[in-house]
Amino acid sequence: MAEMGKGVTAGKIASNVQKKLTRAQEKVLQKLGKADETKDEQFEQCVQNFNKQLYEGSKLQKDLRTYLASVKAMHEASKKLTECLQEVYEPDWPGRDDTNKISENNDLLWTDFHQKLVDQALLTMDTYLGQFPDIKSRIAKRGRKLVDYDSARHHYESLQTAKKKDEAKIAKAEEELVKAQKVFEEMNIDLQEELPSLWNSRVGFYVNTFQSIAGLEENFHKEMSKLNQNLNDVLVDLEKEHGTSTYPVKAQPSDSTPAKANKTPSSPPDGTPITSPETKAINHELEPSTLETPGGGIPKSPSQSSLPAVVVETFPATVNGTVESGAPSERADMPPGFLFKVQAMHDYSATDSDELQLKTGDVVLVVPFDNPEEQDEGWLMGVKESDWLQHKEFDQCRGVFPENFTERVQ
């Protein structure tokens, strides 16, 4: 018989085609319920675990490659940064040679870290996943041999139950059945032992992989910390020699800083200048809100000198909305610690959760801060009169607002 290629003959090709046809017919009969299918639930569970393990391992490999790419990118960024330092560090400055050495060590440290990650994590990952393709191929082959076994079994059973028996065909069918069963069972036994072992190996592999990464990171950061400390020492010496030219860097407010610390109220829409507490205090002293009549009578304003006596309620001088001395007695219809009223002359949009949203015309009942140290210049604490009259809930309704957006009305 003529050869079709190395190790391939026409007869072999025909045999393979016949096998595929027989398997296809068997699968159709099984799906239609006209032929039973050999089931092994334990093996199917092993296959599910295998697929899960392959998916997780492939994802870990992908994420590890992404991590390595990020390390490489950080290496390049760090290298550029140290090169920039070398460029701006003038030759006559103390520590010039030290900065160059630190830069070299920095580059070597990043290179070593990346290479060890490749050797101890990525290559191990590649080796671990390298065993899956062969096992996956054998699982697929086992499935095909199982179909061959079922097909041979069904053929043998059909010949035995036929009305007109052909002993020669039955004997040949039995021989084919025994052969198919042997091939299937050999593959099945190997995989039944190998798959559970592979599944259990994942724990040790994950432990070793992440321990290696954690250990490499720990050592890398320790060595990098030493380099950073050395660089800091060099810069401290530079600062001592050129201290007068140090660029001032202001610290950012921490979470413990009061909510309104260092906050300056914006100017109203019409450009009205911000009124400082000192100016407000002076204005309060100059305002002719009360004049005492001879003999210590009822206070009157200049415009009321010829009118019947009217009792005018007085308010103590305040600084940033807090009472300087002699806090007034609380009124039952006002919130605790009520000082005076103001009216919004402009709209104000709150920018923080502890601020009041004001519309032109809103009346606000001003109260002192619980902690005077938290009060910022140009800010007052209060509750809108409409909210107070409606809810009578002081703590939930009060908030701060810029004083220069309002005008005192009482």
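Author: Start with exposure. Buried means under 20% relative accessible area, exposed means over 50%, and partly exposed lies in between, with a 1.4 Å probe and protein chains only. Met 74 is partly exposed because its relative accessible area is 47%.

Reader: What kind of model is this?

Author: This is a predicted model, in which local features need pLDDT of at least 70, side-chain atom pairs count only at pLDDT 80 or more, and totals for chains, interfaces and linings use all residues. Residues are numbered from 1 along each chain as its sequence is written, and side-chain values use heavy atoms, with hydrogens and water left out.

Reader: How many helices and strands does the protein have?

Author: Helices (H or I, at least four residues) and strands (E, at least two) are DSSP runs, numbered from the N terminus. The protein has 8 helices and 9 strands. Met 74 sits in helix H2. Its C-alpha atom is 8.5 Å from that of Trp 110, 36 residues away along the chain.

Reader: What share of the residues counts as buried?

Author: Of the 410 residues, 31% are buried. Contacts are the next thing to read. Contact means heavy atoms within 4.5 Å. Among contacts with a separation of 6 or more, 67% join residues 24 or more positions apart.

Reader: How do I read a nonpolar core?

Author: In soluble globular proteins, nonpolar side chains tend to be buried together. A nonpolar core is a set of buried Ala, Val, Leu, Ile, Met, Phe, Trp, Tyr and Cys residues joined through side-chain atoms within 4.5 Å. Here the largest one has 34 residues. Those with the most contacts inside it include Phe 50, Phe 113 and Met 125. H2, H3, helix H4 (132–160) and helix H5 (167–241) each supply at least two residues of this core.

Reader: Which residues does Met 125 touch, beyond those up to four places away in sequence?

Author: Met 125 touches Gly 57, Leu 60, Gln 61, Leu 64 and Phe 205. There is also a second, separate core of 24 residues, and it includes Phe 338, Val 366, Met 381 and Phe 401.

Reader: Is Val 366 buried or exposed?

Author: Val 366 counts as buried because its relative accessibility is 0%. It is found in strand E6 (residues 363–367). Not counting residues up to four places away in sequence, Val 366 touches Phe 338, Met 381 and Phe 401, among others. Phe 340 is another residue on that list. Val 366 and Phe 340 are 26 residues apart in sequence and 5.4 Å apart in space, C-alpha to C-alpha.

Reader: And polar side chains? Which side chain makes a polar contact with that of Gln 53?

Author: A polar contact is a pair of N or O atoms within 3.5 Å; within protein, one must be able to donate a hydrogen and the other to accept it, and residues adjacent in sequence count only if both atoms are side-chain atoms. The side chain of Gln 53 makes one with the side chain of Tyr 128, at 2.8 Å. Gln 53 is in helix H2. It counts as buried, because its relative accessibility is 0%. Leaving out residues up to four places away in sequence, Gln 53 touches Tyr 128, Phe 132, Leu 198, Trp 199, Ser 201 and Arg 202.

Reader: How do I read a cavity?

Author: Rolling a probe the size of a water molecule over the atoms shows where empty space is left. On a 1 Å grid over the protein atoms alone, a cavity is a set of points where a 1.4 Å probe fits but cannot get out, and lining residues have an atom within 4 Å of a point. Grid points are joined across faces, edges and corners, and a volume is the space filled by probe spheres set on the points. The search of the whole structure finds 2 cavities of 30 Å³ or more.

Reader: What lines the second largest cavity?

Author: Thr 82, Leu 85, Gln 86, Thr 99, Ile 102, Ser 103 and Leu 231 do. Helix H2 (41–88) and helix H3 (96–130) are the elements that give two or more residues to this lining. The volume is about 40 Å³.

How values were computed. On a 1 Å grid over the protein atoms alone, a cavity is a set of points where a 1.4 Å probe fits but cannot get out, and a pocket is an open set with protein on both sides within 12 Å along at least five of seven lines; lining residues have an atom within 4 Å of a point.
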